[in-house]
Amino acid sequence: MGGHTVPVTSPASDPIATPGRPATPGGPPYETVLFDLDGTLADTIPLIVASYQHAFRTVLAQEVEEARARAWIGRPLLPALLEESADHGHELDRVYRAWNLENTGRLIQRYAGVPEMLEALASAGVRCGVATSKRRETAMLALEGVGIAGVIDVVAGLEDTTRHKPEPEPLLHAAATLGVAPGTCVYVGDATVDVLAARAAGMAAVAVTWGAGEREALVATGPDAVVDTVPDLTAYLLGHSRT
């Protein structure tokens, strides 16, 4: 995760400021930070790819390349699988979920610095939530697996809305649950659907490059910033500059 923070669409001289969301001098620019989960807070990418590969191998006797599996990350599972196979999508979903749950503890990995980032945000008075396309049970297992469940104020999962990213409903649900206005929030994610959902929700958007998304595709969606490392994301969300 080498590199540095790269402001992409900052209209103001301060790269952290965004129209309608002025940074507080000397403090965090956003009172609420909502995060995607997979590939953003927890390194679930190997687990997800292996789960897809197992499901397709078991149900359809097909091999799935990693790049193909990574392209589905960030979307609700069942609709993505039904697009791939209308006849076998439900069985793919069942096999995927069973294997994923059985192997979460073995394959999930922690991103270095994420627990410390969340603790620093909490200490600064910033509320943190998660809006994910995972079912809540699976999301909680992932958060507990990397040791950050205790610093997350709300988890908006698949069951909480009928429409999902890139639609704004999951993000709006998380903000409403916390009792905060969407315009005071920033959403952080690793996929293009995350940036699109943030824009549709009226939130600021930060894209991170250590997950499943490709930098060029992320930049093309017009986030407020693209961030390459957890320390740089921490500094950005706390309102600190990094040189």
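This note goes through a predicted model point by point, from the chain as a whole to single residues.

1. Overall make-up. The chain of this predicted model holds 10 helices and 9 strands, and buried residues make up 53% of its 243 residues. Among the contacts with a separation of 6 or more, 66% are accounted for by residues 24 or more positions apart.

2. Packing of α5 on α10. The axes of these two helices come within 10 Å and cross at roughly 10°, and because angles under 35 degrees count as roughly parallel, α5 is described as roughly parallel to α10. On the α5 side the residues that meet the partner helix are V114, M117, A120 and L121, while α10 contributes V230, L233, T234, L237 and L238. Sorted by class, this contact has 8 nonpolar residues, 1 polar residue and no charged residues. As a point of background, an α-helix has 3.6 residues a turn, so residues three or four places apart point the same way.

3. Aromatic pairs. The structure holds 4 aromatic pairs. For Y111 and W210, the ring centres are 6.3 Å apart and the planes stand at 65°, so this pair is edge-to-face. The pair links distant parts of the chain, since Y111 sits in the loop between β4 (109-110) and α5 and W210 in the loop between β8 and α9 (215-220), 99 residues apart. Y111 is buried, with a relative accessible area of 6%, and W210 also counts as buried, at 10% relative accessibility. Elsewhere, ring pairs link Y52, F56, W72 and Y96 into a cluster.

4. Further neighbours of W210. A polar atom of the W210 side chain lies 3.1 Å from the backbone oxygen of T40. W210 is also 7.2 Å from D190, C-alpha to C-alpha, although 20 residues separate W210 and D190 in sequence.

5. R127 in strand β5. R127 belongs to strand β5 (residues 127-131) and is partly exposed, its relative accessible area being 35%. A polar atom of the R127 side chain lies 2.9 Å from the backbone oxygen of L178. With neighbours within four places in sequence left aside, the residues in contact with R127 are E31, T32, V33, D153 and L178. R127 and I152, which are 25 residues apart in sequence, are 7.8 Å apart in space from C-alpha to C-alpha.

6. T132 lies in the loop between β5 and α6 (136-145) and, with a relative accessible area of 3%, is buried. The side chain of T132 reaches the backbone nitrogen of K134 at 3.0 Å. Beyond its neighbours within four places in sequence, T132 is in contact with L37, A139, A156, G157, L158 and K165.

7. The peptide bond between K165 and P166. K165, one of the residues in contact with T132, is joined to P166 by a cis peptide bond with omega of about 15°. P166 is placed in the loop between β6 (154-156) and α7 (169-178).

8. Backbone of A61. A61 has a positive phi of about 55° although this residue is not a glycine, and its place is in the loop between α1 (45-60) and α2 (66-70). At 70% relative accessibility, A61 counts as exposed, whereas T132 is buried.

Definitions and conventions
Residues are numbered from 1 along each chain as its sequence is written. This is a predicted model: local features need pLDDT of at least 70, side-chain atom pairs count only at pLDDT 80 or more; totals for chains, interfaces and linings use all residues. Side-chain values use heavy atoms; hydrogens and water are left out. Rings of Phe, Tyr and Trp (its six-membered ring) pair if their centres lie within 6.5 Å; planes under 30 degrees apart count as stacked, over 60 as edge-to-face and the rest as tilted. Helices (H or I, at least four residues) and strands (E, at least two) are DSSP runs, numbered from the N terminus. Buried means under 20% relative accessible area, exposed over 50%, partly exposed in between (1.4 Å probe, protein chains only). Axes are lines fitted to C-alpha atoms, for helices over the stretch in contact, and angles run from 0 to 180 degrees between N-to-C directions. Angles under 35 degrees count as roughly parallel, over 145 as roughly antiparallel, 65 to 115 as roughly perpendicular and the rest as oblique. Contact means heavy atoms within 4.5 Å. Ala, Val, Leu, Ile, Met, Phe, Trp, Tyr, Cys and Pro count as nonpolar, Asp, Glu, Lys and Arg as charged, and the others, Gly among them, as polar. A polar contact is a pair of N or O atoms within 3.5 Å; within protein, one must be able to donate a hydrogen and the other to accept it, and residues adjacent in sequence count only if both atoms are side-chain atoms.
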